[in-house]
Amino acid sequence: MDVLTMLTAEKPVVIFSKSTCCMSHTVKALIKSFGANPAMIELDKLPNGQQVERALVQLGSRPGVPAVFIGQQFIGGADELISLNVQNKLAQLLLRAKAIFIWSR
């Protein structure tokens with residue numbers, strides 16, 4: 001099983017990050033504002049963190065972190081997540097992934 005599939009298989013929301021990345025903290029705060037509890041994977045604390053980051057870059061994550069998966073689907077980084085939020089599409093993704101169970105604006 002590929003390393004990204006293994007790390008994202010059982011969680012509705014996974015954020016790959018580095019502990020010093022301020023955009024990763026911003027993305028986590030945005031997702032938590034919907035009531036979701038994302039799994040955070042700190043690449044700088046993993047023994048195979050560089051391997052995971054290379055896999056994220058191959059998937060299209062530029063820069064490598066933050067990289068967000070919702071419902072086991074790669075969404076992108078901070079720009080993509082913020083864009084989805086502005087378009088009022090982020091809540092629907094979180095609902096479909098069962099990361100949240102109710103949302104009304």
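This is a predicted model: local features need pLDDT of at least 70, side-chain atom pairs count only at pLDDT 80 or more; totals for chains, interfaces and linings use all residues.
Select Gln 72 to begin: at 41% relative accessibility this residue counts as partly exposed, a class lying between buried, which is under 20% relative accessible area, and exposed, which is over 50% (1.4 Å probe, protein chains only). Gln 72 sits in the loop between strand 3 and strand 4, and its phi is positive, about 65 degrees, although the residue is not a glycine.

Residues are numbered from 1 along each chain as its sequence is written, and side-chain values use heavy atoms, with hydrogens and water left out.

**The sheet**

Show the strands next; strands (E, at least two residues) and helices (H or I, at least four) are DSSP runs numbered from the N terminus. Four strands form an open sheet with mixed pairing, in the order 2-1-3-4. Strand 2 (39–42) and strand 4 (73–76) are the edges, and because each has a single partner strand, one side of each is left without a neighbour in the sheet. Neighbouring strands are turned by 25 degrees against each other on average, direction ignored.

Now select strand 1 (residues 13–17), which pairs with strand 2 in the parallel sense over four bridges; two strands are taken to pair if DSSP finds at least two bridges between them. Strand 1 also pairs with strand 3, in the antiparallel sense and over four bridges.

Move to strand 3, whose pairing with strand 4 is antiparallel over three bridges, with Phe 69 opposite Phe 74. Ala 67 and Phe 69 point one way from strand 3, Val 68 and Ile 70 point the other way, and all are buried. In a regular strand the side chains alternate between the two faces of the sheet.

**The helices across the sheet**

Select helix 3 (residues 49–59), which lies across strand 1, strand 3 (67–70) and strand 4 and runs at about 75 degrees to strand 3; axes here are lines fitted to C-alpha atoms, for helices over the stretch in contact, and angles run from 0 to 180 degrees between N-to-C directions. Its buried residues are Gly 49, Val 52, Ala 55 and Leu 56. They cover an arc of only 125 degrees around the axis, which puts them on the same side of helix 3; the arc is that of the directions from the helix axis to the C-beta atoms. What covers these buried residues includes helix 1 (3–8), strand 1 and strand 3, where contact means heavy atoms within 4.5 Å. On the face turned away, look for the exposed residues Gln 50, Arg 54 and Gln 58. Just after helix 3, Gly 60 takes a positive phi of about 120 degrees.

Then select helix 4 (residues 78–86), which lies across strand 3 and strand 4 and runs at about 90 degrees to strand 4.

Finish at Cys 21, which is in no disulfide, the nearest cysteine sulfur being that of Cys 22, 5.8 Å away; a disulfide is a pair of cysteine sulfur atoms within 2.5 Å. Cys 21 is buried at 15% relative accessible area, whereas Cys 22 is exposed at 56%.
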